[in-house]
Amino acid sequence: MNLSMKWLNDYVKADMPIKDFVAGITMSGSKVETYHEMRGEVDKVVVGKVLEIKKHEDSEKLWICQVDIGQASPIQIVTAATNVTEGAYIPVVLDGGTVIDREHGTTVKIKKGKLRGAESCGMFCSFNELGMENADFPYSSPDGVLVLNDDPDFDKMKPGDDVLKAVGLDDISVEFEITNNRPDCLSVLGLAREASATFMLPYNVKEPSYKGAGGDINTELSVTVENPKLCSRYMAAKVKNVKIAPSPRWMVERLRASGVRSINNLVDITNFVMLEYGHPMHAFDARYVAGNRIVVRNAKDGETLKLLDEAKEPVKLSPEMLIIADGEKPMAVAGVMGGEYSGIWDDTTEVIFESACFDGVSVRRTARKVGERTEASARFEKGLDPINAKNALFRALELVELLGCGEVVSNVIDVDNSNKTPHKLVHDWKWVNSFLGAEIPEEEQISILERLGFVYDRATHEITVPSVRIDMELPCDIGEEIARIYGYNRIASTIPKLSSRSTATKEQRFTDKLVEVMISQGCLETMTFSFISPRSYEKIRLEESRRNSVTLLQPLGEDTSVMRTTMIPSMTELIVRNINNRTPGGRFFEIGRVYLPKGGADTLPEERDILCIGAYGPDEDFFTLKGIAEAVFDAVGIDAKFSRACDLTFHTGRCAEITANGIRTGVLGELHPAVAENYGIKERVYIAELDIAAMCQLAHTDVKYRQLPKFPAISRDLSLVCDDSVESGEIIDIITKAGKHLEQVTLFDMYKGAGVPDGRKSLSYKLVMRREDKTMENEEADKSVEKILKALAEKDITLR
């Protein structure tokens, strides 16, 4: 829906800046897609008066004109136009101005120059250069420049005026996206009502009326509605002594800004009313209404109709289509488009206006079948108000008298089968506040509803819904109306009151955190069965004490006959499957359960949640898996210790047990070559099992932030020599306890070989020291390092 701001201001003085209007009306529920000024890119074009004209001495076709543009002295224009005369008022684009090249769809910049030696300070314009058509200036010749002397508003023009403003091209067109439940907003009056309520401005709309020129239409025309279900109301009026002429400037301007081209006064009236009231109309040439009868009926088999769209062949009508017929033939497809002889012609003398209300579903189906979705059908299919049909018809007759288009027969025909019972709803202002989570005073709620056109009964708190508001059905609709006009941005955000049942437990939040960390480490989440084959324990060389499992009474097969006590077989089989599918590498994780028998056969097993991590490929090794595990523990605030362990499932020397506060929280390592051989793979596979219950008990998820350090740090690198049996974690513990102002200790190198005795290894660490109260001196750092080396020497760990 395109809205002319000039048209809107006829009813609501919304004269604020366009950006404020667009923002406000969008926030109240009428979404604006875009807006544009009708002048487009035309710039520096003014009204010029030709003072003098003379022949160019060096050209037979050029004329030199002296033109008054409202400045102290006239300017000179050289032109080849043949319709320029002295005293003519013509649009002049000045030096540096911009006009439209309609042929190529571009703009042209005009500059001062010389033509055959004569200076030209601009250019005369035709309506094409202004981006307009001949229909916009019917008094103008299509050849030559635009001469404004015959313009209806010529007496208001003076040299130097902005020509676009002078000819009514100073409007702004606002494009709205109207939802299907608001057909009332597919009209100027509907949007005017919205603007009135949004900006609290007066809504100045009077009920349309006409005087009439006498006569009785019932003696000249009859109307029969054979299917009242598909046509709830049909109104007809007659206009005699019609005078077909161009429409007045104000009507052409408003139609143009709404995206409708002006045709003639009678056709423009029907389009104008459709846009203004949102109710489509049609005008029939009375001489083509056979028998002076109009029959609203379903089409008959075999009937055809040539539509006004001359480019198409006649459409075949079917019995489910509703049509408008005369005494002999179909004249129009109801709610979609008129027939070949239903239009208005230059020699039309009598017109029959139709204003009706057709069933939306029927119109939509018919429009699809005939392949014509028109402005009229788009409105009807959303559902229109039968009461509004009368307003639309009376407005059209009012415009006929206003424009002097003809003589209106005094009465109209009204076949009304509609339900006129007003729809009422009860307004409970306290319930509305509870529904919205707001605190809007009762009087303000009532004021909003009244501004929107609702009739409020303060005694019963009943509101009568305007007949055009087909979307208002339930009390919650009242709340929505109040909220959008009050302003959603004015309603404070609150936390929904949810029951404790929907609140995630500590364990669930902890598990969600683990999933986030694993995904951030590049791992893919997997899901495997909880039951496995008892032979899987042999494949992974599991200790006999851990092979006692819960056995299923009715398993699907031997491969799924026991409940797992470890997730290592499940993860190993998943990795083997990927290897067999020639996947070069990958990282996987699963949060699953293991089942540990306790007591007798009648006792349920202990179920423990486990995080199992698996990795393989050329980029994976023991330390990358250890890094993933460290990232998990760091994310949940656990100070984990990794110590060498011996597990038959894992490679000797490439297995670590993970503890925290003396509690075992997991194990990780590279699968033993014998295990890999059992599964028929040659690749190195790395697997970790972490106890989620133990981790959740030890986790510290409350993050405490520290201020950034004010003073610089000092770093020292230490290369230490120790026995092969000494673990790096043990050395880090000694350094941490002995060092002073120590901020970080990082292992960055391990070396065994030349220069290091057999049975020993070299480990290199970076120490970062920093004081919080002042800048640390080198002497103080050296003393701290000496203390550390002394503590290390007691454990036979020396500086290399």
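The mean positions of the 99 positive and 124 negative charges of the protein lie 3 Å apart. In that count, Lys and Arg are positive and Asp and Glu are negative, while His and the chain ends are left out; each charge is placed at NZ of Lys, CZ of Arg, CG of Asp or CD of Glu. This is a predicted model, in which local features need pLDDT of at least 70, side-chain atom pairs count only at pLDDT 80 or more, and totals for chains, interfaces and linings use all residues. Residues are numbered from 1 along each chain as its sequence is written, and side-chain values use heavy atoms, with hydrogens and water left out.

**The whole protein**

- The protein has 20 helices and 40 strands. Helices (H or I, at least four residues) and strands (E, at least two) are DSSP runs, numbered from the N terminus.
- Its radius of gyration is 44 Å, whereas a compact globule of 800 residues would have one near 28 Å. The radius is taken over C-alpha atoms, and the globule rule is 2.2 Å times the number of residues to the power 0.38.
- Along the principal axes, the C-alpha atoms fill a box of roughly 120 × 80 × 60 Å.
- Of the 800 residues, 48% are buried. Buried means under 20% relative accessible area, exposed means over 50%, and partly exposed is in between (1.4 Å probe, protein chains only).
- The accessible surface comes to about 41000 Å², and carbon and sulfur atoms account for 49% of it. Such areas come from the Shrake-Rupley method with a 1.4 Å probe; for residues, only the protein chains shown count as cover.
- Take the contacts with a separation of 6 or more: 70% of them join residues 24 or more positions apart. A contact means heavy atoms within 4.5 Å.

**A four-stranded sheet**

- Here you can find an open sheet of four strands in the order E38-E39-E37-E40, with antiparallel pairing. Two strands pair if DSSP finds at least two bridges between them.
- Strand E38 (742-751) and strand E40 (798-799) are the edge strands, since each pairs on one side only.
- Ten bridges link strand E37 (residues 714-723) to strand E39 (residues 760-769) in the antiparallel sense. Along this pair, valine 721 stands opposite serine 762, and serine 719 stands opposite serine 764.
- E38 and E39 also run antiparallel, joined by eight bridges. Leucine 747 has tyrosine 765 in E39 as its bridge partner.
- Nine of the ten residues of E39 are buried, so this strand is largely enclosed by the rest of the structure.

**Strand E3 and its partners**

- Strand E3 (residues 43-55) pairs with strand E6 (residues 89-101) in the antiparallel sense over six bridges. Look for lysine 49, whose bridge partner in E6 is tyrosine 89.
- E3 also pairs with strand E4 (residues 63-68), again antiparallel and over six bridges. On this side, lysine 54 has isoleucine 64 in E4 as its bridge partner.

**Glycine 168 and arginine 256**

- Glycine 168 sits in the loop between helix H3 (163-166) and strand E11 (172-177). This glycine is buried, with a relative accessible area of 5%.
- Leaving aside residues up to four places away in sequence, glycine 168 touches Lys6, Arg249, Glu253 and Arg256.
- Arginine 256 belongs to helix H5 (residues 249-257) and is buried too, at a relative accessible area of 14%.
- With residues up to four places away again set aside, arginine 256 touches Met38, Met132, Asp136, Gly168 and Leu169.
- For a sense of scale, glycine 168 and leucine 625 are 457 residues apart in sequence and 75 Å apart in space, C-alpha to C-alpha.

**Two residues with positive phi**

- Most residues other than glycine have a negative phi.
- Asparagine 661 is not a glycine, yet has a positive phi of about 55°. Asparagine 661 is in the loop between strand E34 (650-660) and strand E35 (663-671), and is exposed, with a relative accessible area of 69%.
- Aspartate 796 also has a positive phi, of about 60°, without being a glycine. Its place is in the loop between helix H20 (778-793) and E40, and at 43% relative accessibility aspartate 796 counts as partly exposed.
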